[in-house]
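Subject: Structure for you to look at

Dear colleague,

Here is the structure that I promised to pass on to you.

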Amino acid sequence: TYVITQACVDVLDKACIDECPVDCIYEGDRMLYIHPDECVDCGACEPVCPVEAIYYEDDVPDKWKDFYNANVEFFSDLGSPGGAAKTGRIGKDHPLVAALPPQAE
Ligand code: F3S
Ligand code: F3S
């Protein structure tokens, strides 16, 4: 799967959403999350993010390794909704993200 990392927090550019062929990028509160089972590893989202927040799971920088689990655990109680458009804005974050101080400048 691909993983969204800290650079997305409080930015939420959303360019990635338009690229995903399977609509597996879901909106939390302060960042977006990629569904690990729905992502087909097409890689289309990675180059369009203006803040380079998206990485293939094996390429996540060490300082952001915890974001792999954040993307996975975000869906613990959501299951596999099968599409972010119909789900809409979820309005909550993984605790790792919720605890971060404001990231915007
Ligand atoms: Fe976030 Fe980048 Fe998408 S900032 S919303 S991962 S385009
Ligand atoms: Fe979608 Fe990116 Fe995966 S475009 S299928 S989330 S690699």
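By the rule that a disulfide is a pair of cysteine sulfur atoms within 2.5 Å, the count here comes to 0 disulfides. Before you read further, please keep in mind that this is a predicted model, in which local features need pLDDT of at least 70 and side-chain atom pairs count only at pLDDT 80 or more, while totals for chains, interfaces and linings use all residues. Residues are numbered from 1 along each chain as its sequence is written, chains are lettered from A and ligands numbered from 1 in the order in which they are written, and side-chain values use heavy atoms, with hydrogens and water left out.

Let me turn to the ligands. Ligand 2 is surrounded by 13 residues, with Tyr 2, Cys 20, Cys 39, Gly 43 and Cys 45 the closest, and its shell has 11 nonpolar, 1 polar and 1 charged residues. Using relative accessible area (buried is under 20%, exposed over 50% and partly exposed in between, with a 1.4 Å probe and protein chains only), Cys 8 is buried at 9%, and Cys 20 is buried at 17%.

Which rings pair with each other? Rings of Phe, Tyr and Trp (its six-membered ring) pair if their centres lie within 6.5 Å, and planes under 30 degrees apart count as stacked, over 60 as edge-to-face and the rest as tilted. The structure holds 5 aromatic pairs. In one of them, the rings of Tyr 33 and Phe 74 have their centres 3.8 Å apart and their planes at 5°, so this pair is stacked. Tyr 33 lies in strand β3 (residues 32-34) and Phe 74 in the loop between α2 and α3 (84-87), so the pair ties together parts that are 41 residues apart in sequence; helices (H or I, at least four residues) and strands (E, at least two) are DSSP runs, numbered from the N terminus. The rings of Phe 74 and Phe 75, with centres 5.1 Å apart and planes at 90°, are edge-to-face. Phe 74 is buried at 1% relative accessibility, and Phe 75 is buried at 4%. Tyr 26, Tyr 33, Phe 74 and Phe 75 form one aromatic cluster.

Asn 71, in helix α2 (residues 66-73), is buried with a relative accessible area of 2%. Its side chain reaches the backbone oxygen of Ile 4 at 2.8 Å. Not counting residues up to four places away in sequence, Asn 71 touches Val 3, Ile 4, Met 31, Tyr 33, Ile 34 and Pro 36, where contact means heavy atoms within 4.5 Å.

Finally, a word on the backbone. Most residues other than glycine have a negative phi. Asp 10, however, has a positive phi near 65°; this residue lies in the loop between β1 (2-4) and α1 (15-19) and is partly exposed, at 27%. Leu 12, found in the loop between β1 and α1, has a positive phi near 45°.

Key: Polar contact = N/O pair within 3.5 Å; in protein donor to acceptor, adjacent residues only side chain to side chain. Near = heavy atom within 4 Å. Nonpolar A, V, L, I, M, F, W, Y, C, P; charged D, E, K, R; others polar.
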